[in-house]
Amino acid sequence: MNGAQALIRTLVACGVDTCFTNPGTSEMHFVAALDDVPEMRGVLGLFEGVATGAADGYARVAGRPAATLLHLGPGLANGWANLHNARRAHTPVVNVVGDHAWPHKPLDAPLESDIEAVAGAVSGWVRTSATSEAVATDAAEAVRAAMGPPGQVATLVLPADVSWSEARGPAEPAASRSVVAPEDDRIADAASALRSGEPVALLVGGRVVGSEEGLVAAARVAEAAGAKLLCETFPARLSRGAGLPAVERLAYLAEFAEMQMAGLRHLVIVDSREPVSFFAYPDKASELVPDGCTAHALCTGSTDPLAALASLADALGVPADAEVARAAASRPAAPSGDLTSQTMAESLARLLPEGAIVADEGNTAGLFVSGATAGCPPHDWLTLTGGAIGLGMPLATGAAVAAPDRKVVNLEADGSAMYTVQALWTQARENLDVTTVILNNRSYAILNLELARVGATDPGPAALSMLDLSNPDMDFCAIAQGMGVPAERATDAEGFTAALERALAVPGPALVEAMLPATL
Ligand SMILES: Cc1ncc(C[n+]2csc(CCOP(=O)(O)OP(=O)(O)O)c2C)c(N)n1
Ligand SMILES: [Mg+2]
């Protein structure tokens, strides 16, 4: 058995059985080993950002990591932005990066670079395998590191000679890291804030909002204490819809987030962090916790936040089976007339299937979708955790690999789509059940807004043309069809509803291009 085979067998033994790849010469033994270990499913992405974003989407849905296979420093760099999003989501990823054989490295061949430096900025754990005897144990360690808690990117650099040399065989899975028990002083501090009688909110995120259990635990505490229940702006996975406790997401625009938190004296934070504005703006505050409001972190990342919420409920004397308010079932009426952000949202909310996974990179044109779908049957919502656009299509791809029995709906703004549009080809090749809705406003619309917000007023034609996606207009139906995904364009509300209905009926990838106005 060679190192590559030992590595892959170890990953499979550790529960990692999917690998999103874009390989090169240094990874050829890993690729060859996929036939020796059929339990590992290789999924090819035609750009590394597709592979890394798919690994993120996969783990957010499966709850266990996928592996990637990337080609040296340049391949890693191409996939880096979506590893950044995964890092922000606390997604476990086993990021395997091939490298030159050890004796070749000092020669400074063209593809030589400082892989560990590139990996270090997005990874909680980085190791370069020294020998083919060590690689299996390294792989088991990588899986353990990726799983956290909290989850993180673990990068294993795999020199080509480590792959091709004789190995000892697969390693046993490494014992998972122990979870830290809820800390009494943090629980007591949060409980006293919630009992203070002063205006208080519970801000939840991370592992709390991805399941009914977590949402109910949070709602129980919030309701008993009369606290407002808020959710971080960009959760990795938010479970929502009819029958689930609703949480109000903090707005992206700081002005709105400030309004949501105005008057609070205490903010109890559970598996999230103190909210800050996305960017700095001249003469505006960057920290959004209001003056006079104290933030209380209920737990750190290595604690199970549900255990911490259970301790908090105990401290407050809230019964473990206390009923909580749940979102009522409702869907909007069928829209008619112009296709706008609003009517597009209403159509989608009429049709969103039960159990759908929504990969949301809708940006400005997607603004109304969250409100319109609040009463749809239960579904999961995946967001752009790290603000690096070009995640939506890969995220949808990975989610669909993880959950073949669920419909994935990818809301994808046109500008963001073009970063990783090759994901459609992977969806076609793997016959993944993804319905993509392109929100084509022919614009980097949000940047027009940001131009004014940062105080760059009176933009000239040279500036505005940097934010304009027309000339030439993109034809997303042609782009999709060119990669094997059936597609339809919609120009009014009725046409969009009909096209979306047809797309959702396809048990595989399909795309609807919604032609929207350039501004909301
Ligand atoms: C990797 C990366 N590059 C660039 C940006 C800057 N950026 C933020 S939004 C945006 C344009 C988004 O356009 P689109 O996806 O069409 O959404 P819209 O603003 O039209 O709603 C850009 C370029 C970013 N956030 N991430
Ligand atoms: Mg746009």
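Here is a short briefing on salt bridges and on one helix.

What you see is a predicted model, in which local features need pLDDT of at least 70 and side-chain atom pairs count only at pLDDT 80 or more, while totals for chains, interfaces and linings use all residues. Residues are numbered from 1 along each chain as its sequence is written, chains are lettered from A and ligands numbered from 1 in the order in which they are written, and side-chain values use heavy atoms, with hydrogens and water left out.

**Salt bridges**

- A search through the whole structure turns up 17 salt bridges (a side-chain nitrogen of Lys or Arg within 4 Å of a carboxyl oxygen of Asp or Glu).
- One of them joins D99 and K105, with N and O 2.7 Å apart.
- Both D99 and K105 are buried (under 20% relative accessible area, with exposed meaning over 50% and partly exposed in between, using a 1.4 Å probe and protein chains only).
- There is also a network of salt bridges, and it links E255, K284, E450 and R453.

**The D433 and K407 pair**

- D433 and K407 form a salt bridge whose closest N and O atoms are 2.6 Å apart.
- D433 sits in the loop between α16 (423-429) and β16 (434-440), and K407 in the loop between α14 (392-402) and β15 (408-413), so this pair ties together parts 26 residues apart in sequence.
- Helices (H or I, at least four residues) and strands (E, at least two) are DSSP runs, numbered from the N terminus.
- D433 counts as buried because its relative accessibility is 18%, and K407 is buried too, at 11%.

**The E513 and R489 pair**

- Here the side chains of E513 and R489 meet in a salt bridge, 3.0 Å from N to O.
- It links distant parts of the chain, 24 residues apart: E513 is in strand β18 (residues 510-515) and R489 in strand β17 (residues 487-490).
- E513 is buried, with 0% relative accessibility, whereas R489 is partly exposed, at 40%.

**Helix α10**

- Which residues of helix α10 (residues 254-261) are buried? They are A254, A257, Q260 and M261.
- Viewed down the axis of α10, these buried residues fall within an arc of 115°, so they line one face of the helix (the arc is that of the directions from the helix axis to the C-beta atoms).
- Among the elements covering the buried residues of α10 are β8 (228-231), β10 (248-249), β11 (266-270) and α17 (445-453); contact here means heavy atoms within 4.5 Å.
- After α10 comes G263, which has a positive phi, near 85°.
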